[in-house]
Amino acid sequence: MEDAGAFRDAVARWAAGGPREPAEGLSRRLRLRTAVLVEGASDLAAVETLAVRRGRDLTADGVCVVAMGGAMSVARYAELLGPPGLGLRLTGLCDEGERGFFTRGLDRAGAPSGDFFVCAADLEDELIRALGTEAVEDVFRAEGDLRSWQIFLTQPAQRGRPREQQVRRFLSTKKGRKIRYGGLLVAALDPARVPAPLDGLLASV
């Protein structure tokens, strides 16, 4: 069955120099109208998890979240999916430190940069602050990672560091962990404490 995952795969092949036609055909068949550009798979998981929590079927709404593999790819993806390419409306999330890449890339593609939502540091930082570190540790416990977390905290490099920084570093110490927790941290959020950039993004599509 054709779905958002197939469209994302087709776009990734196109961005790497492959053919346009598979992505274009899927875009038409899925009746896509908006592409949500995010830097990586953890951001994608967070956006899609929040959509599910709010009873949204993004694909049915003509929306697809696309992970670009880094902020420096935004110009390429904006060109393919925005006005010069498939003509989709572009929105998404970016980190404050990557705002310049997004602004320049979107300007080149003729897409409005004001439709993007900016995280103060990155989305993980926003989620950790919204939850609080104790609640994040509860998620580690529920996922069977509490022992690994406790061992991580004994490392000399972690002694004396703020707990928020320790949590962010822990999420990046094992392949796939950051992606997995992108959705898990959103699932653990109080509905009233969804970070503003993530909340604004979902409300805009």
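Thr 133 is in contact with Ile 128, Arg 163, Glu 164 and Val 167, leaving aside its neighbours within four places in sequence; contact here means heavy atoms within 4.5 Å. This is a predicted model, in which local features need pLDDT of at least 70 and side-chain atom pairs count only at pLDDT 80 or more, while totals for chains, interfaces and linings use all residues. Residues are numbered from 1 along each chain as its sequence is written, and side-chain values use heavy atoms, with hydrogens and water left out.

Thr 133 belongs to helix 7, where helices are DSSP runs of H or I with at least four residues, numbered from the N terminus. With a relative accessible area of 16%, Thr 133 is buried (under 20% relative accessible area, with exposed over 50% and partly exposed in between, using a 1.4 Å probe and protein chains only).

Stay with helix 7, which covers residues 133-142, and you will find Glu 137 there as well. Glu 137 is also buried, at 18%. What does Glu 137 touch, not counting residues up to four places away in sequence? The answer is Leu 146, Trp 149 and Arg 163. The side chains of Glu 137 and Arg 163 are joined by a polar contact of 2.7 Å, that is, a pair of N or O atoms within 3.5 Å; within protein, one must be able to donate a hydrogen and the other to accept it, and residues adjacent in sequence count only if both atoms are side-chain atoms.

Now to the cysteines. A disulfide is counted when a pair of cysteine sulfur atoms lies within 2.5 Å, and the count comes to 0. Cys 64 is buried at 1% relative accessibility, and Cys 94 is buried at 3%.

A pocket is an open set of points on a 1 Å grid over the protein atoms alone, where a 1.4 Å probe fits, with protein on both sides within 12 Å along at least five of seven lines; lining residues have an atom within 4 Å of a point. The largest pocket holds about 190 Å³, the volume being the space filled by probe spheres set on the points, which are joined across faces, edges and corners. Its lining includes Glu 39, Asp 95, Asp 122 and Lys 178. Helix 3 (41-53) and helix 10 (177-188) each give two or more residues to this lining, and helix 3 gives the most, with 3. By class, the lining has 6 charged residues (Asp, Glu, Lys and Arg), 2 nonpolar (Ala, Val, Leu, Ile, Met, Phe, Trp, Tyr, Cys and Pro) and 2 polar (the others, Gly among them).
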